[in-house]
Amino acid sequence: MNALPNPIEISFELAASRCPDLTPLVYRRLFDEHPETEAMFRSDGRDLVKGSMLALTIEAILDFACQRRGHFRLIACEVASHDGYGTPRELFVAFFAIIRDALRDLLGDEWSIEIAQAWDRLLADIDAFTGATA
């Protein structure tokens, strides 16, 4: 018996069918909503750091939302790492909502109630997991 597809996975699959690289959408939104973050990234013209960071974050999100085989632990590691950079915990967690919002805008009418509810649960779980509102 096959498990039902996870709405978080579905949101990324639908987005991938529309946009080959979410990096510009996600970071444009991050910098618009949190202008102070733009100075946190080195600009080498290729945006390799941003793309790599987003890819690892998506991998961790999918693992956290689905089977939790270990990749989700990257979230806890990166919380500690970003604490060392002086990144406020709330800003670290806000990045996950930025990804959700970029996907929601990209999907438009295909952003279903099930997907929205799954993302709401996921963001609450990540918030609790990171201790952002402890």
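Thr130 is buried, its relative accessible area being 5%, where buried stands for under 20% relative accessible area, exposed for over 50% and partly exposed for what lies in between, with a 1.4 Å probe and protein chains only. The model is a predicted one, in which local features need pLDDT of at least 70 and side-chain atom pairs count only at pLDDT 80 or more, while totals for chains, interfaces and linings use all residues. Residues are numbered from 1 along each chain as its sequence is written, and side-chain values use heavy atoms, with hydrogens and water left out.

The protein has six helices and zero strands, helices being DSSP runs of H or I with at least four residues and strands runs of E with at least two, numbered from the N terminus. Of the 134 residues in the protein, 39% are buried.

Thr130 belongs to helix 6 (residues 113-130). When neighbours within four places in sequence are left aside, Thr130 is in contact (heavy atoms within 4.5 Å) with Ile75, Val79, Arg89, Phe92 and Val93. Although Ile75 and Thr130 are 55 residues apart along the chain, their C-alpha atoms are separated by 7.6 Å. The side chain of Thr130 also reaches the backbone oxygen of Asp127, at 3.1 Å.

Phe92, one of the residues in contact with Thr130, is itself buried at 10% relative accessibility, and Phe96 is buried at 3%. Both lie in helix 5 (residues 89-107), four residues apart, which is about one turn of the helix. Rings of Phe, Tyr and Trp (its six-membered ring) pair if their centres lie within 6.5 Å, with planes under 30 degrees apart counted as stacked, over 60 as edge-to-face and the rest as tilted; by this rule the count comes to five aromatic pairs. The ring centres of Phe92 and Phe96 are 5.8 Å apart and their planes stand at 70°, so this pair is edge-to-face. Elsewhere, ring pairs link Tyr27, Phe31 and Phe95 into a cluster.

A pocket is an open set of points on a 1 Å grid over the protein atoms alone, with protein on both sides within 12 Å along at least five of seven lines, and its lining residues have an atom within 4 Å of a point. The largest pocket holds about 640 Å³ of space. Its lining has 22 residues, of which Phe41, Met53, Glu78, His82 and Tyr85 are the closest to its centre. Helix 3 (48-65), helix 4 (73-85) and helix 5 are the elements that each give two or more residues to this lining.

How values were computed. A polar contact is a pair of N or O atoms within 3.5 Å; within protein, one must be able to donate a hydrogen and the other to accept it, and residues adjacent in sequence count only if both atoms are side-chain atoms. On a 1 Å grid over the protein atoms alone, a cavity is a set of points where a 1.4 Å probe fits but cannot get out, and a pocket is an open set with protein on both sides within 12 Å along at least five of seven lines; lining residues have an atom within 4 Å of a point. Grid points are joined across faces, edges and corners, and a volume is the space filled by probe spheres set on the points.
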